[in-house]
Amino acid sequence: MLFENISVLQEDFTVAEGQSVGVRDGKIAYIGARPPEGGWGDRFDGRRALLTPGFVNAHSHAPMVLLRGYAENLPLHRWLNEKVFPFEDRMTDSSMYAGTLLAAAEMLRFGVCSFTDMYMRIPAMARAVLESGMKCNLCRGLTVFDGTDYKSLSNYPDNIAFLHDLHGAGEGRLLIDFCIHGEYTSHPGAVAGVAEHAKEAGVRVHVHVSETQAEVEGCKQRHGKTPVRYFYDLGLFDQPTTAAHCVWLEGEDFALLKEKNVTVAACPVSNMKLASGFADVPRMLESGIHVALGTDGAASNNNLNLMKDLFLFAALYKGRSGDPTVVTPAQALAAATVEGWRSQGRSGCGAIREGAPADLVVFDLDKPWMYPKTDLVNNLVFAAQGSDVRLTMVDGKVLYQDGEYKTIDIEKVQFMVQKETDGILEGLK
Ligand code: NI
């Protein structure tokens, strides 16, 4: 495919206008002010359009789209125990499959090419990911409420099987990560077991860290240290790790995350909606911590529109800190793109550069809120809407364009999700 006369968001987060970008064999094969020679297949008229790298949703629970609108205005413990957990207990393989496909459709619609997801019934989810054409780092959530050690849990043989059967599937689009759900939903022996297994297998780790003040206070009572220090001491951060939330960091937590190169997946919408608090993202960035951006599940967001999180990420911490200079539009865009790709271990992705995988998004600039073109980067972060996305491409394949999904039968998926949800709600009566 050849994008012609298109504005391009470059690696330094400036925009070059009037470019030609050619895609061949899944990679970006040409960038230049002149049209290239040769045949490139389909042409895309890029006048009044902006080409950006694909976005990464660095923390999600895709099948939770089934819980959209189901549990609102409740404190976290009631939200979880009275609504989320009983619903999840009734979810089946077909719920996971339908939910993951709906989530994929939603993310593609908003320019997300890859996501880092923690949930359950991984083979059913993997089937949906592979069908959708998206990229995904997927892990089975590990929760254990008694003292059972890691190797006696079903997670252990499952992780081995997933690594064998699914890791690298779809020409590397699907990667398997290991998981600890959180400090308060596991015990030290399980954390150490996962850390050791991850090291042995050379895989990445996904974990919730310091989401609420109650979690941090509880951890201090149980272990005499913060969740960050706790995971650090148990070796969990020795492998590349994505730590979701990190709202209640304190003291040495910042230095420990920096030392271990942990990526924080900030989820500003979910944190606000569940009243978990406001992460100190400015201090994270100042400390040199890698920060990516996530939606969290649709039960607490309530959609997977990363552009909503991008806007909030770029505005919220200014208001919170009283300093309008913190979190620049470039830093926000880095969190939504290159930092997410890096956190997934997909180096080389997330930049419009010759030779890079063609994970690309086209934004419509022909909207009232995108004029004038004084600064397209500021417009993209503060004015653009998720629905301005016209095209989403993964590995050179167009998966969404102008209202049409190429890999997903959206009407069928919407029907399946409604049916699955109705069945679960009926069972809960
Ligand atoms: Ni989460």
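This is a guided tour of one structure, giving at each stop what to select and what is found there.

The model is predicted, and local features are reported for it where pLDDT is at least 70, side-chain atom pairs count only at pLDDT 80 or more, and totals for chains, interfaces and linings use all residues. Residues are numbered from 1 along each chain as its sequence is written, and side-chain values use heavy atoms, with hydrogens and water left out.

**The nickel site**

Begin by selecting the nickel ion together with His-59, His-61, His-208 and Asp-296, which coordinate the metal through NE2 of each histidine and OD of the aspartate at 2.1 to 2.4 Å. Donors here are N, O and S atoms within 2.8 Å of the metal (3.2 Å for Na, K and Ca), and since water is not among the atoms, sites may look incomplete. Along the chain, these donors follow the spacing H-x1-H-x146-H-x87-D. His-59 belongs to strand S6 (residues 55-60), whereas Asp-296 sits in the loop between strand S14 (290-293) and helix H11 (306-321), so this pair ties together parts that are 237 residues apart in sequence. Helices (H or I, at least four residues) and strands (E, at least two) are DSSP runs, numbered from the N terminus.

Why is the arrangement around the nickel ion irregular? The 4 donor atoms subtend angles of 85 to 172°, which makes it so; four donors count as tetrahedral if all angles lie between 85 and 135 degrees, four count as square planar and six as octahedral if opposite donors are over 155 degrees apart and all others between 65 and 115, and anything else is irregular. Both His-59 and Asp-296 are buried, a term that means under 20% relative accessible area, with exposed meaning over 50% and partly exposed in between (1.4 Å probe, protein chains only).

For another cis peptide bond, select Tyr-371 and Pro-372, where omega is about -10°; Pro-372 lies in the loop between strand S15 (360-364) and helix H14 (376-382).

**Two residues with positive phi**

Is His-245 buried or exposed? At 0% relative accessibility, His-245 counts as buried. Asn-261, also not a glycine, has a positive phi of about 60° and lies in the loop between helix H8 (253-259) and strand S13 (263-266), where its relative accessible area of 44% leaves it partly exposed.

Thr-421 is buried, with a relative accessible area of 11%.

Finish at Ala-198 in helix H5 (residues 188-201), which counts as buried at 0% relative accessibility. With residues up to four places away in sequence again not counted, Ala-198 touches Phe-178, Val-203, Val-205 and Gln-239. To check one of these pairs, draw a distance between the C-alpha atoms of Ala-198 and Gln-239, which are 41 residues apart along the chain and separated by 6.9 Å.

Key:
Contact means heavy atoms within 4.5 Å.
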